[in-house]
Amino acid sequence: MTDPTYPPLDVLKPVASGLWIVDSGPIHAGGMPLPVRMTVIRLGSGEIWLHSPTRYDAGLHRVIEALGPIRHLVSPNIAHWTYLKEWQRHCPQALTWAAPELRTRRQVRKAALRLDRDLTDTAPPEWVADLTQVAVLGGFGFREVAFHHPASATLILTDLVLNLEPQKLPPLMRPLLRIAGATAPDGRAPIYLRWVIGLRKREAGRAAAALIALAPERVVFSHGAWFERNGTAELRRSLRWLLT
């Protein structure tokens, strides 16, 4: 049986000074098992910032808290919010930051999820000294906020790039996902998301150009093999559909 994840799971993995990832999953999207990834940053204040929190694990929580107090839980797009409530319960002092339009989703309202602040195209005072951000807009209320960590030259995305490794996928799904454009070594946003973002292609294209102009050395995202090196070149290749 194939395993789409990147073990060890639910443990802190160092990437650069002040930046870690946590691999977890699988989650299921439309019947497709996917790996999922959280990014952890220690801000200059010493506070901890969690991007797209994965499933809660008490041992992982203790390890992260040893780095500093968890003060920010970030839901960077309208799909990555499932595990927020559990982290909120265990981190009552943390603020929850939501992508634009997330609070209007019926599922979010039904879950009675607390959302404290909305993300914008500008970093808030809480992390403006450590991170910059760019909002990528699409149709039907799609929003994804990308973050750049200049100290480590790392760009943090969510679903704007998928780079699923074929050998980790169920054999019957491999050709479909390759056609959808979501498999390594040429992973992009899947075709349905490219269509949704393409509804506002001019604005999204400007955002994509702004991301490339940040010249990241590495690009971390939520699903698949992230770009550990040659980040700017890999990003330009993956976003070429937005740059034409």
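Visitor: In which sense do strand β2 and strand β3 pair?

Guide: Strands of a sheet pair through backbone hydrogen bonds, either parallel or antiparallel. Here β2 (residues 19-29) and β3 (residues 32-42) pair in the antiparallel sense, over nine bridges. Strands (E, at least two residues) and helices (H or I, at least four) are DSSP runs numbered from the N terminus, and two strands pair if DSSP finds at least two bridges between them. This is a predicted model, in which local features need pLDDT of at least 70 and side-chain atom pairs count only at pLDDT 80 or more, while totals for chains, interfaces and linings use all residues. Residues are numbered from 1 along each chain as its sequence is written, and side-chain values use heavy atoms, with hydrogens and water left out.

Visitor: What is the order of the strands in the open sheet?

Guide: The seven strands of this open sheet follow the order β1-β2-β3-β4-β5-β6-β7, and their pairing is mixed. β1 (13-16) and β7 (117-118) stand at the edges with a single partner strand each, so one side of each has no neighbour in the sheet.

Visitor: Which strands pair in the parallel sense?

Guide: Among them are β5 (residues 70-75) and β6 (residues 95-98), joined over four bridges, with L73 opposite T96 in β6. Between β5 and β6 the chain passes through helix α2 (residues 84-90), in a right-handed β-α-β crossover (with the strands pointing away from the viewer, the path from the first strand over the helix to the second runs clockwise). β6 also pairs with β7 in the parallel sense, over two bridges, and A98 has D118 in β7 as its bridge partner.

Visitor: Is S24 buried or exposed?

Guide: Buried means under 20% relative accessible area, exposed over 50%, and partly exposed in between (1.4 Å probe, protein chains only). S24 has 2% relative accessibility and therefore counts as buried. S24 lies in strand β2, and its bridge partner in β3 is V36.

Visitor: Where is the largest pocket lined, and what is its volume?

Guide: Rolling a probe the size of a water molecule over the atoms shows where empty space is left. On a 1 Å grid over the protein atoms alone, a pocket is an open set of points where a 1.4 Å probe fits, with protein on both sides within 12 Å along at least five of seven lines; lining residues have an atom within 4 Å of a point. The largest pocket has a volume of about 870 Å³ (the space filled by probe spheres set on the points, which are joined across faces, edges and corners). Its lining has 34 residues, with A29, A79, H80, D159 and Y192 nearest the centre. α5 gives the most to this lining, four residues.
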